[in-house]
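Here is a friendly tour of one protein chain. Keep the viewer open beside you and find each place as it comes up.

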Amino acid sequence: MTYKTGTALAGALITLMTMPAAAQEAACGAAVPAGQWVGSTAATSDIATAAAPFDLVGAVPPGSYHVSNFTVSQPMPVRVEARGQFGGDPVIELYDQAGTMVLTDDDSGGNFASRGELTLSPGTYCLATRSYGGGPIQADIRVGLVDHAALTMGSGGSNIQACTAGTPATPLGNGPIDQIAGQEARATNTVNGAPYYRFTLSSPTPVSIRAENQSADPYIYIYDAQGLLLDENDDYNSLNARVDFPEPLPAGSYCIGMRALNNPDLPVEVSVQVYSEANMMHDLYVNGEASPPPDGSAFPVVQLGDLSTMLINDGTVGADARWLSFNVPEGGLVLIDAVGIGMSDPMIALFDGVGRELAFNDDANNSLDSQIAARVAPGTYMLAVMQYHRQNGAIRVAIERYVPAR
C-alpha cells in the first residue's frame with residue numbers, strides 16, 4: 001500500500017495557482033509548501049485581532065494542496081473550514097510553524113465540507129486544503145475565531161487533532177503487537193471515551209487496523225511517533241473503517257485517532273493485528289467482499305446443488321457472511337430474494353464461479369429485504385448473505401430460475 005498523497009506533504013510537488021509567486025511564503029517549515037497569507041501579508045493575517053474571519057477561494061490542483069497562512073498573536077479558540085464548490089469534497093490539515101500537523105478533518109462541516117475547532121498558541125499556522133478524491137477542486141476557505149460566523153453548518157462530529165508523543169492515548173495491547181500471543185490486540189470504548197489509541201512494534205511489521213460499529217460510523221487516522229499522518233479511512237466495509245499496511249511499518253510507536261461520523265457515544269471495537277495474506281482473504285470472505293472457493297476448502301460454504309426451478313434455504317446470519325453455492329444447468333434469468341425473519345436486514349452479493357461479483361443489493365422494493373435479478377450462463381455461482389447491522393438473525397433465501405421461451 002502506498003500512503004495517501006494527502007498525508008505526505010514533505011514529498012508533494014505543489015503548484016499553487018491562486019496567487020503570484022511573490023505572495024507565497026513557506027511559513028511552516030521546509031516540509032510544508034509555500035502558501036498565501038489570508039490577509040495578504042503576514043502583518044495583516046493575525047486572526048486573534050481580526051474583527052471578522054478571513055475568507056478566500058482556493059484552487060486545489062490534482063493530487064495537490066492549496067495552503068493558507070495565518071498568525072495568532074495570543075492564545076485563541078480558532079475555527080478553520082473548507083467548503084467545496086460544485087460538489088467538491090475538501091480535506092483540511094493544519095500545521096504549526098515547525099511543520100507539525102495539529103489537526104486534520106474531513107466532513108465535520110456537513111455536506112462534505114471540512115471544519116475544525118481548537119485553541120491555538122501564539123505562532124504561525126498553515127491550513128493545507130486538498131481534495132478527498134485527489135482531483136482538482138475549488139474550495140471556499142475560512143479562517144476565523146470560534147466566535148465569528150461559521151462558513152459551514154457543521155455535522156455534529158468532532159475533528160481530530162494530530163496525535164503526537166504528548167497526546168493522551170489508551171494503550172492497545174500489553175506490549176508490542178508483534179510479540180503478543182495471537183499477534184492481535186483489541187479494545188472497545190466510545191469515541192468520546194477513547195478518541196486515541198497507541199500501539200507499538202518491536203520490529204518492522206505489516207499490520208491491519210480496524211474500527212467497527214456501523215451505527216457509530218467510525219473514521220480512523222494513523223499517525224507515527226512524530227505525529228505524521230500515515231493513512232486514514234472511512235467506510236472500508238459498509239460504515240466500518242480499516243487501514244492495511246502490507247508493507248512493514250518500522251519498529252516504534254503509533255497512534256490511532258478516531259472520530260464518529262454518526263454517534264460518538266456508541267461503543268467502537270478497535271483492533272490491530274499482524275497483517276497476513278491468509279487473514280486478509282478470510283476477512284474478505286467474512287465481509288462478503290470476495291467469494292471463497294466453492295468447495296468450502298477455505299471457508300464454510302452451504303452447497304445447495306442444482307437450480308432446476310427453485311431453491312429455498314433458511315439460516316442464521318450474524319457478523320460473518322453466510323455463503324451459499326448453487327449450480328445453474330442452463331442459461332437464463334436468476335431471481336434471488338433474501339427475506340429477513342424478525343429484525344433481520346439482509347444484504348446479498350452474487351459471484352460467478354471464478355469470483356467475479358455480478359450483482360449486489362440491499363433494501364429492494366421499499367423494504368429491508370434484498371433482491372437480485374441477473375442473466376446467467378451455465379455454471380457454479382456463489383451467494384453471500386449478510387446482515388446490515390451484523391447482529392444475529394434469520395434470513396430466508398429463495399433462488400428461482402427462468403428459462404427463455406422456446
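Which strands do the buried residues of α1 pack against? They pack against β14 (205-212), β17 (241-249), β19 and β22 (322-328). Packing here rests on contact, meaning heavy atoms within 4.5 Å. The helix α1 covers residues 277-286, and Asp283, Leu284, Tyr285 and Val286 are buried in it. Buried means under 20% relative accessible area, exposed means over 50%, and partly exposed is in between (1.4 Å probe, protein chains only). Just after α1 comes Gly288, with a positive phi of about 70°.

**How to read the model**

This is a predicted model, in which local features need pLDDT of at least 70 and side-chain atom pairs count only at pLDDT 80 or more, while totals for chains, interfaces and linings use all residues. Residues are numbered from 1 along each chain as its sequence is written, and side-chain values use heavy atoms, with hydrogens and water left out.

**The whole protein**

The protein has one helix and 28 strands. Helices (H or I, at least four residues) and strands (E, at least two) are DSSP runs, numbered from the N terminus. Along its principal axes, the C-alpha trace spans about 80 × 50 × 35 Å. Of the 406 residues, 52% count as buried. Among contacts with a separation of 6 or more, 73% come from residues 24 or more positions apart.

The accessible surface comes to about 17,200 Å², and 53% of it belongs to carbon and sulfur atoms. Those areas come from the Shrake-Rupley method with a 1.4 Å probe; for residues, only the protein chains shown count as cover. As for charge, there are 18 positive and 42 negative side chains, and the centres of the two sets lie 5 Å apart. Lys and Arg count as positive and Asp and Glu as negative, while His and the chain ends are not counted. The place of a charge is taken as NZ of Lys, CZ of Arg, CG of Asp or CD of Glu.

**Strands side by side**

Now look for an open sheet of five strands, in the order β11-β13-β18-β15-β16, with mixed pairing. Its edge strands are β11 (170-171) and β16 (229-234), each of which pairs on one side only. Two strands pair if DSSP finds at least two bridges between them. Within this sheet, β13 (residues 196-201) and β18 (residues 252-260) are antiparallel partners over six bridges. To see one such spot, find Leu201, which stands opposite Gly252 in β18.

Another antiparallel pair is β5 (residues 76-84) with β8, joined over seven bridges. Here Arg79 has Glu117 in β8 as its bridge partner. Strand β8 (residues 114-120) is largely enclosed by the rest of the structure, because five of its seven residues are buried.

Pro267 is found in strand β19 (residues 267-274). Leaving aside neighbours within four places in sequence, Pro267 is in contact with Thr188, Asn189, Thr190, Glu212 and Asn213.

Asp352 belongs to strand β24 (residues 346-352). A polar atom of the Asp352 side chain lies 3.1 Å from the backbone nitrogen of Val354. Not counting residues up to four places away in sequence, Asp352 touches Ser291, Leu358, Thr380 and Tyr381.

Ala364 sits in the loop between β25 (357-362) and β26 (370-376). Beyond four places in sequence, Ala364 touches Asp369, Ser370 and Gln371.

| Residue | Relative accessibility | Class |
|---|---|---|
| Pro267 | 43% | partly exposed |
| Asp352 | 9% | buried |
| Ala364 | 10% | buried |

**Two backbone angles to look up**

Most residues other than glycine have a negative phi, and most peptide bonds are trans. What is the phi of Ser40? For Ser40 the value is near 85°, which is positive. Ser40 lies in the loop between β2 (35-37) and β3 (54-60), and with a relative accessible area of 59% Ser40 is exposed. Asn365 also has a positive phi, near 55°. Look for Asn365 in the loop between β25 and β26; Asn365 is exposed, with a relative accessible area of 60%.

Technical notes. A polar contact is a pair of N or O atoms within 3.5 Å; within protein, one must be able to donate a hydrogen and the other to accept it, and residues adjacent in sequence count only if both atoms are side-chain atoms.
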